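Trainee: Could we go through this structure together? I would like to learn how to read it.
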Amino acid sequence: MSKLLTGVIIVVAVIAMFFFSTYNSLVSQKTAIDGQWAQVETQYQRRYDLIPNLVSSTQGFLTQEKTIFEGIAKARQGYAGAKTPDEKVSAASNLESALGRLLVIVENYPNLKSNETVARLMDELSGTENRISMERKRYNELIQSYNLNIKTIPTNFVAGMMGFGEKPYFTAVSGSEVAPKVEL
(Lines give C-alpha, C1' and ligand atoms only; values in the text may rest on other atoms or scores of the structure.)
Protein backbone atom coordinates (compact mmCIF):
# COMPACT_ATOMS: atom_id res chain seq x y z
CA MET A 1 0.00 0.00 0.00
CA SER A 2 2.83 2.35 0.89
CA LYS A 3 4.53 1.79 -2.49
CA LEU A 4 1.27 2.45 -4.32
CA LEU A 5 0.72 5.67 -2.41
CA THR A 6 4.31 6.74 -3.07
CA GLY A 7 3.86 5.98 -6.77
CA VAL A 8 0.63 8.00 -6.93
CA ILE A 9 2.29 10.93 -5.14
CA ILE A 10 5.21 10.84 -7.57
CA VAL A 11 2.91 10.77 -10.60
CA VAL A 12 0.83 13.66 -9.21
CA ALA A 13 4.00 15.61 -8.43
CA VAL A 14 5.34 15.08 -11.97
CA ILE A 15 2.01 16.17 -13.50
CA ALA A 16 1.90 19.23 -11.24
CA MET A 17 5.48 20.18 -12.13
CA PHE A 18 4.66 19.81 -15.83
CA PHE A 19 1.52 21.92 -15.41
CA PHE A 20 3.28 24.70 -13.51
CA SER A 21 6.29 24.66 -15.81
CA THR A 22 4.10 24.85 -18.91
CA TYR A 23 1.93 27.59 -17.41
CA ASN A 24 4.99 29.65 -16.48
CA SER A 25 6.43 29.18 -19.95
CA LEU A 26 3.21 30.42 -21.56
CA VAL A 27 3.10 33.41 -19.23
CA SER A 28 6.71 34.22 -20.13
CA GLN A 29 5.95 34.00 -23.85
CA LYS A 30 2.87 36.18 -23.50
CA THR A 31 4.85 38.75 -21.54
CA ALA A 32 7.58 38.72 -24.19
CA ILE A 33 4.96 39.33 -26.89
CA ASP A 34 3.55 42.27 -24.95
CA GLY A 35 7.06 43.65 -24.48
CA GLN A 36 7.83 43.29 -28.17
CA TRP A 37 4.60 45.07 -29.10
CA ALA A 38 5.77 47.88 -26.82
CA GLN A 39 8.98 47.98 -28.88
CA VAL A 40 6.92 48.31 -32.07
CA GLU A 41 5.01 51.18 -30.47
CA THR A 42 8.28 52.75 -29.31
CA GLN A 43 9.49 52.84 -32.90
CA TYR A 44 6.16 54.28 -34.04
CA GLN A 45 6.53 56.95 -31.35
CA ARG A 46 10.08 57.65 -32.54
CA ARG A 47 8.72 58.12 -36.04
CA TYR A 48 5.91 60.27 -34.70
CA ASP A 49 8.34 62.51 -32.76
CA LEU A 50 11.26 62.63 -35.18
CA ILE A 51 9.79 62.94 -38.62
CA PRO A 52 7.77 66.15 -38.10
CA ASN A 53 10.90 67.97 -36.96
CA LEU A 54 12.84 66.75 -39.97
CA VAL A 55 9.96 67.45 -42.32
CA SER A 56 9.53 70.99 -41.04
CA SER A 57 13.22 71.69 -41.54
CA THR A 58 12.93 70.32 -45.07
CA GLN A 59 9.71 72.13 -45.97
CA GLY A 60 11.58 75.24 -47.00
CA PHE A 61 13.10 73.25 -49.84
CA LEU A 62 9.87 71.59 -50.87
CA THR A 63 7.23 74.30 -50.56
CA GLN A 64 5.71 73.34 -53.90
CA GLU A 65 4.61 70.05 -52.37
CA LYS A 66 2.56 71.46 -49.53
CA THR A 67 -0.18 68.84 -49.87
CA ILE A 68 2.25 66.02 -49.13
CA PHE A 69 3.28 67.63 -45.85
CA GLU A 70 -0.34 68.25 -44.94
CA GLY A 71 -1.00 64.56 -45.56
CA ILE A 72 1.87 63.63 -43.25
CA ALA A 73 0.55 65.96 -40.54
CA LYS A 74 -2.96 64.50 -40.88
CA ALA A 75 -1.60 60.95 -40.71
CA ARG A 76 0.36 61.85 -37.56
CA GLN A 77 -2.81 63.18 -35.97
CA GLY A 78 -4.54 59.93 -36.84
CA TYR A 79 -1.81 57.98 -35.07
CA ALA A 80 -1.94 60.25 -32.04
CA GLY A 81 -5.69 59.63 -31.73
CA ALA A 82 -5.46 55.84 -32.19
CA LYS A 83 -6.19 53.85 -29.05
CA THR A 84 -6.04 50.14 -29.98
CA PRO A 85 -3.24 48.24 -31.74
CA ASP A 86 -5.52 47.82 -34.79
CA GLU A 87 -6.19 51.56 -34.94
CA LYS A 88 -2.47 52.25 -34.54
CA VAL A 89 -1.62 49.81 -37.32
CA SER A 90 -4.12 51.53 -39.62
CA ALA A 91 -2.86 54.99 -38.69
CA ALA A 92 0.76 53.88 -39.11
CA SER A 93 -0.14 52.58 -42.57
CA ASN A 94 -1.61 55.97 -43.50
CA LEU A 95 1.57 57.68 -42.32
CA GLU A 96 3.68 55.23 -44.31
CA SER A 97 1.63 56.00 -47.41
CA ALA A 98 2.11 59.74 -46.96
CA LEU A 99 5.83 59.27 -46.40
CA GLY A 100 5.99 57.10 -49.52
CA ARG A 101 4.53 59.93 -51.57
CA LEU A 102 7.17 62.27 -50.13
CA LEU A 103 9.92 59.86 -51.13
CA VAL A 104 8.57 59.69 -54.69
CA ILE A 105 8.62 63.48 -54.94
CA VAL A 106 12.19 63.68 -53.67
CA GLU A 107 13.20 61.05 -56.23
CA ASN A 108 11.59 63.12 -58.99
CA TYR A 109 13.63 66.19 -58.04
CA PRO A 110 17.28 65.03 -58.16
CA ASN A 111 18.56 68.50 -57.33
CA LEU A 112 16.82 68.25 -53.96
CA LYS A 113 18.77 65.12 -53.11
CA SER A 114 21.96 67.12 -52.96
CA ASN A 115 20.56 69.31 -50.23
CA GLU A 116 21.86 68.19 -46.83
CA THR A 117 18.51 68.62 -45.14
CA VAL A 118 16.70 66.46 -47.65
CA ALA A 119 19.49 63.88 -47.53
CA ARG A 120 19.22 63.76 -43.74
CA LEU A 121 15.44 63.40 -43.97
CA MET A 122 15.85 60.53 -46.43
CA ASP A 123 18.37 58.80 -44.16
CA GLU A 124 16.19 59.21 -41.09
CA LEU A 125 13.07 58.02 -42.93
CA SER A 126 14.90 54.97 -44.16
CA GLY A 127 16.42 54.23 -40.75
CA THR A 128 13.12 54.71 -38.97
CA GLU A 129 11.22 52.49 -41.35
CA ASN A 130 13.92 49.82 -41.04
CA ARG A 131 13.67 49.93 -37.26
CA ILE A 132 9.90 49.59 -37.39
CA SER A 133 10.20 46.71 -39.84
CA MET A 134 12.66 44.87 -37.60
CA GLU A 135 10.49 45.31 -34.50
CA ARG A 136 7.43 44.06 -36.39
CA LYS A 137 9.46 41.07 -37.57
CA ARG A 138 10.55 40.27 -34.03
CA TYR A 139 6.96 40.63 -32.84
CA ASN A 140 5.72 38.19 -35.48
CA GLU A 141 8.50 35.73 -34.63
CA LEU A 142 7.38 35.73 -30.99
CA ILE A 143 3.76 35.31 -32.07
CA GLN A 144 4.73 32.38 -34.29
CA SER A 145 6.59 30.64 -31.47
CA TYR A 146 3.77 31.25 -28.99
CA ASN A 147 1.01 30.14 -31.37
CA LEU A 148 2.94 26.99 -32.26
CA ASN A 149 3.52 26.25 -28.59
CA ILE A 150 -0.14 26.55 -27.59
CA LYS A 151 -1.21 24.30 -30.48
CA THR A 152 1.18 21.42 -29.79
CA ILE A 153 0.66 18.49 -27.47
CA PRO A 154 0.90 18.45 -24.46
CA THR A 155 1.10 22.24 -24.00
CA ASN A 156 -2.25 22.70 -25.74
CA PHE A 157 -4.00 21.02 -22.79
CA VAL A 158 -2.62 23.51 -20.29
CA ALA A 159 -3.14 26.42 -22.69
CA GLY A 160 -6.77 25.45 -23.21
CA MET A 161 -7.47 25.01 -19.50
CA MET A 162 -5.85 28.31 -18.58
CA GLY A 163 -7.35 30.42 -21.38
CA PHE A 164 -4.23 31.03 -23.47
CA GLY A 165 -5.53 31.74 -26.95
CA GLU A 166 -3.90 32.28 -30.30
CA LYS A 167 -2.51 35.77 -30.94
CA PRO A 168 -2.83 37.55 -34.29
CA TYR A 169 0.19 38.38 -36.40
CA PHE A 170 1.02 41.93 -37.38
CA THR A 171 -0.05 42.09 -41.01
CA ALA A 172 0.17 44.79 -43.62
CA VAL A 173 -2.96 46.78 -44.35
CA SER A 174 -4.69 45.92 -47.59
CA GLY A 175 -3.24 47.87 -50.50
CA SER A 176 0.14 48.48 -48.90
CA GLU A 177 1.81 46.27 -51.50
CA VAL A 178 1.10 48.89 -54.18
CA ALA A 179 3.59 51.73 -54.37
CA PRO A 180 2.00 55.17 -54.13
CA LYS A 181 1.68 57.10 -57.37
CA VAL A 182 2.37 60.80 -57.40
CA GLU A 183 1.30 62.95 -60.28
CA LEU A 184 2.85 66.39 -60.46
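This is a predicted model: local features need pLDDT of at least 70, side-chain atom pairs count only at pLDDT 80 or more; totals for chains, interfaces and linings use all residues.

Trainee: What kind of aromatic pair do Tyr 44 and Tyr 79 form?
Mentor: Their pair is edge-to-face, with 5.6 Å from centre to centre and 65° between the planes. The pair links distant parts of the chain, with Tyr 44 in helix α1 and Tyr 79 in helix α2, 35 residues apart.

Trainee: How many aromatic pairs does the structure hold?
Mentor: It holds 6 aromatic pairs. One of them joins Trp 37 and Phe 170, whose ring centres are 6.1 Å apart; their planes stand at 35°, so this pair is tilted. Trp 37 belongs to helix α1 and Phe 170 to the segment after α6, which places them 133 residues apart in the chain.

Trainee: Are Trp 37 and Phe 170 buried or exposed?
Mentor: Trp 37 is buried, and Phe 170 is buried too. Ring pairs also link Trp 37 and Phe 170 with Tyr 139 into a cluster.

Trainee: Which residue lies over the face of Tyr 48?
Mentor: That residue is Arg 76, at 4.2 Å from the ring centre.

Trainee: Let me step back. How many helices and strands does the protein have?
Mentor: There are 6 helices and 0 strands. Of the 184 residues, 32% count as buried.

Trainee: Now charges. How many salt bridges does a search of the whole structure find?
Mentor: The search finds 5 salt bridges. Among them is the one between Arg 138 and Glu 135, whose closest N and O atoms are 3.0 Å apart. These two residues are 3 residues apart in helix α5, so about one helical turn separates them.

Trainee: How accessible are Arg 138 and Glu 135?
Mentor: Arg 138 is partly exposed at 39% relative accessibility, whereas Glu 135 is buried at 9%.

Trainee: Which residue does Lys 137 meet in a salt bridge?
Mentor: Lys 137 meets Glu 141, at 2.7 Å from N to O. They lie 4 residues apart in helix α5, again about one helical turn. Lys 137 is partly exposed, with a relative accessible area of 44%, and Glu 141 is partly exposed, with 41%.

Trainee: What about Lys 151?
Mentor: Its side chain meets that of Glu 166 in a salt bridge of 3.2 Å, N to O. Lys 151 lies in helix α5 and Glu 166 in the segment after α6, so the pair ties together parts that are 15 residues apart in sequence. Glu 166 counts as exposed, at 52% relative accessibility.

Trainee: What lies in the loop between α5 and α6?
Mentor: Pro 154 is found there. The peptide bond from Ile 153 to Pro 154 is cis, with omega near 5°.

Trainee: And which residues of α6 are buried?
Mentor: Thr 155, Val 158 and Ala 159 are buried in α6. They cover an arc of only 100° around the axis, so they are on the same side of α6. The face turned away from that buried side carries the exposed residues Phe 157, Gly 160 and Met 161. After α6 comes Gly 163, with a positive phi near 80°.

Trainee: Last topic: which residues make the nonpolar surface patch of about 470 Å²?
Mentor: Met 1, Leu 4, Val 8 and Val 12 make it. Val 12 lies in helix α1 and is exposed, with a relative accessible area of 51%.

Key
Residues are numbered from 1 along each chain as its sequence is written. Side-chain values use heavy atoms; hydrogens and water are left out. Buried means under 20% relative accessible area, exposed over 50%, partly exposed in between (1.4 Å probe, protein chains only). The arc is that of the directions from the helix axis to the C-beta atoms. Patches are made of residues with over 30% relative accessible area and no salt bridge: like charges are joined within 9 Å, nonpolar side chains (Val, Leu, Ile, Met, Phe, Trp, Tyr) within 5 Å. Accessible areas come from the Shrake-Rupley method with a 1.4 Å probe; for residues, only the protein chains shown count as cover. A salt bridge is a side-chain nitrogen of Lys or Arg within 4 Å of a carboxyl oxygen of Asp or Glu. Rings of Phe, Tyr and Trp (its six-membered ring) pair if their centres lie within 6.5 Å; planes under 30 degrees apart count as stacked, over 60 as edge-to-face and the rest as tilted. A charge sits over a ring if NZ of Lys or CZ of Arg is within 6 Å of the ring centre and within 35 degrees of the ring normal.
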